[in-house]
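Have the model open while you read.

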Amino acid sequence: MLKRILVGAGIVVAIILAFKYCEFKKNDDAGIEYNTNLIQQQILNVGKLVVTEGHFSEVITYKNQQKYLMDMISFEKKALIVVNANVTVAYDLHKMKYDIDEKNKTITILNIPKEEITINPDIQFYDVEQSKLNPFTGDDYNKINKSVKANLAKKIDKSTLKTNAQNRLISELSKILIMTNSMGWKLQYNGKTIESETELNQDLKL
């Protein structure tokens, strides 16, 4: 009789332990799913167009000569050109690629999109001098526009516009870093575990 009672009690205990284990496993899986959904939502919130704007101005003189009769006669055209340009440097974080490893609680940023630079120049002509034998043509305007954009690109490289844009990018990506740290997850990029905004900044400049 006592043996039966002990066997019965053992079975009951086994059932209770099995139930508790299943309940724990269920809660653990629910926690992982909740964390993953939260992370994905945060990445979606970060995934937007980050735009930094700048303004540049320059004044250039355009000259062109047409020569005839073995260069004995020439007809010159020239103009003073004032350029005001609005420039944007943008990162489209909708294009960012990443991987979520639930088992190891790791987010890996696979690819950060390259910056997109847009130059919109407003070109005004002053003191235009031309002749019927050497007038301004569409080819001149194309050359001027190309030269203006090339000069502006050099100015952009020497300015702080790109740096400011990258700082804004890092600020957005840091939101993911803060969230992963608070949840006990890891953020990886370029084969490294990122633990601070400084490391993220340094790694982006590699």
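Which residues in helix 3 meet which residues in helix 4? Keep in mind that this is a predicted model. On the helix 3 side you'll find Gln166, Leu169, Ile170, Leu173, Ser174 and Leu177, and they meet Glu197, Leu200, Asn201 and Leu204 in helix 4. Sorted by class, the contact of helix 3 with helix 4 has six nonpolar, three polar and one charged residues.

As for the geometry, helix 3 covers residues 161-182 and helix 4 covers residues 197-204; their axes come within 10 Å and cross at roughly 130°. The crossing of helix 3 past helix 4 is right-handed.

Four strands make up an open sheet with mixed pairing, in the order 3-4-6-7. Strand 3 (97-101) and strand 7 (192-194) sit at the edges with a single partner strand each, so one side of each has no neighbour in the sheet. On average, neighbouring strands are turned by 30° against each other, ignoring direction. Strand 4 (residues 106-111) pairs with strand 6 (residues 186-189) in the parallel sense, over four bridges, and Ile107 stands opposite Leu187 in strand 6.

Both helices also lie across strands of this sheet:

| Helix | Lies across | Angle |
|---|---|---|
| Helix 3 | strand 4, strand 6 and strand 7 | about 140° to strand 6 |
| Helix 4 | strand 6 and strand 7 | about 135° to strand 7 |

Notes: Residues numbered from 1 in each chain as written. Predicted model: local features only at pLDDT ≥ 70, side-chain atom pairs only at ≥ 80, totals over all residues. Heavy atoms only, no water. Axes fitted to C-alpha atoms, helices over the stretch in contact; angles between N-to-C directions. Helix = DSSP H or I, 4+ residues; strand = E, 2+ residues; numbered from the N terminus. Left-handed = near helix turned anticlockwise from the far one by under 90°. Contact = heavy atoms within 4.5 Å. Nonpolar A, V, L, I, M, F, W, Y, C, P; charged D, E, K, R; others polar. Pairing = 2+ DSSP bridges.
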